[in-house]
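Take a look at the structure below. We start with its core and then turn to a sheet.

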Amino acid sequence: MPIRLLSLATAFVTLPVTLSPVPGHPSPATGQTQAAAVAITNVSVIPMDRERVLANQTVVVQGGRITSVGPAGGPVPAGATVVDGRGKFLIPGLAEMHAHVPGGQAPPELVERVLSLFVLNGVTTIRSMLGDPLHLRLRAQIASGERLGPRFVASGGPSFSGNSASSPGVAMQLVRDQKAAGYDLLKIHPGVPRAAFDSMAATARQLGIPFAGHVPLDVGYHRALEARYSTIDHIDGFLEAILRDGAPVTSAQSQFFGINLVEHVDEAKIVPLARATRAAGVAIVPTEGFLVGRYGTLPADSLVARPEMRYWLPNQVNQWANDKRNTDAQVPAATRARFLELRRKVLKALQDEGVLLLLGSDAPQLWDVPGFSIPRELGYYVDAGLTPYQALATGTINVARFFGWEAESGTIAQGK
């Protein structure tokens, strides 16, 4: 049975919880908090174990686990909160695999807002990709139930960049420090010199800590595959790697994910490079929303008018609008359209060749309000040619497989 993504994006089953907009915006209606047990009745379940929809089901959740899934009319625990799911779809919790959470220098209320916005939009796992010591405390507090938030996977800080990891010795020590601090992974930013990257990768392998993120120009996509990134985010480095032979520009001249290279690529190289990505076992976090927001056809005023912007910081929304206006003025519309067309082709090839795709939007960056950006991100994957089921898999079962969590998450089933 086909799944309509629009229905999923607009009719998730969510529990009513109060979160006020940023001051100056109208407040939503006040709701109630979640009871110990919840029974979602008369709902269409998309279990994600395979492509199917289970109509007219009752799902009971208690103590953080699904206790039963079955036809509507089954037993409901006494005192449970009953949610009428009629006309709605129930899916597993989604992941944001390229999230940004404020650090210890940010106001505590902003940290709370980011974590809450993820959870209230059905995002139950985040991988934070710009580390801070505060994140280690947040990870522990969320895991213990002390704080509301999604399951928190924390990258180390500072990230590896041309400034923080400028030499092999500095890079190796940074790996040791972040491993000892207890971070889950290392974040790679642009600018890391090749020698420093090679030392970082070797040390990370020795200590058993994965690394992920950008592909520095001095490293390149092929070396990134060889070094076994756990994930390459933003599909970074791909356009540089498919430049046609004899092109008048080089990968070293790339600007912002290859926007200036779009007329010089060889599309025949896309599928072989996608196959090489699969063979290397490297997963991809696309963050299409980040690029579509910057290079898409919607003007700044239309983006500012999105309803979720009332939940985000007005000064940052204004900055995003200025960036969009400047980008539209400086980058020809044909170049922007070609760039996004190429990314859709690459994304579809990665899916077709069996690369593990993981849902991520880079929130909160450039029009990606935490949580709200995830359904839109799923839509961009469908625009690229993925089926709705394949798109949903990027944020559910694929994430469970990536982390080895299949026994407890990724699908809707008793005990999950």
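In the largest nonpolar core, which has 103 residues, M200 and F211 touch the most other members. A nonpolar core here is a set of buried Ala, Val, Leu, Ile, Met, Phe, Trp, Tyr and Cys residues joined through side-chain atoms within 4.5 Å. Buried means under 20% relative accessible area (1.4 Å probe, protein chains only). Helix α12 (residues 333-352) gives this core its largest share, 7 residues. Helices are DSSP runs of H or I with at least four residues, strands are E runs of at least two, and both are numbered from the N terminus.

This is a predicted model, where local features need pLDDT of at least 70, side-chain atom pairs count only at pLDDT 80 or more, and totals for chains, interfaces and linings use all residues. Residues are numbered from 1 along each chain as its sequence is written, and side-chain values use heavy atoms, with hydrogens and water left out.

What does F211 contact, leaving aside its neighbours within four places in sequence? Its contacts (heavy atoms within 4.5 Å) include L186, I188, F197, M200 and Y229. A second, separate core has 9 residues, among them I40, V45, V59 and L90.

Now the sheet. It is open, with 4 strands in the order β9-β10-β11-β12 and parallel pairing. Two strands pair if DSSP finds at least two bridges between them. β9 (186-188) and β12 (283-285) stand at the edges with a single partner strand each, so one side of each has no neighbour in the sheet. Strand β11 (residues 231-233) pairs with β12 over 3 bridges, in the parallel sense. There, D233 has V285 of β12 as its bridge partner.

Methods: Buried < 20%, exposed > 50% of the residue type's maximum accessible area, 1.4 Å probe, protein only.
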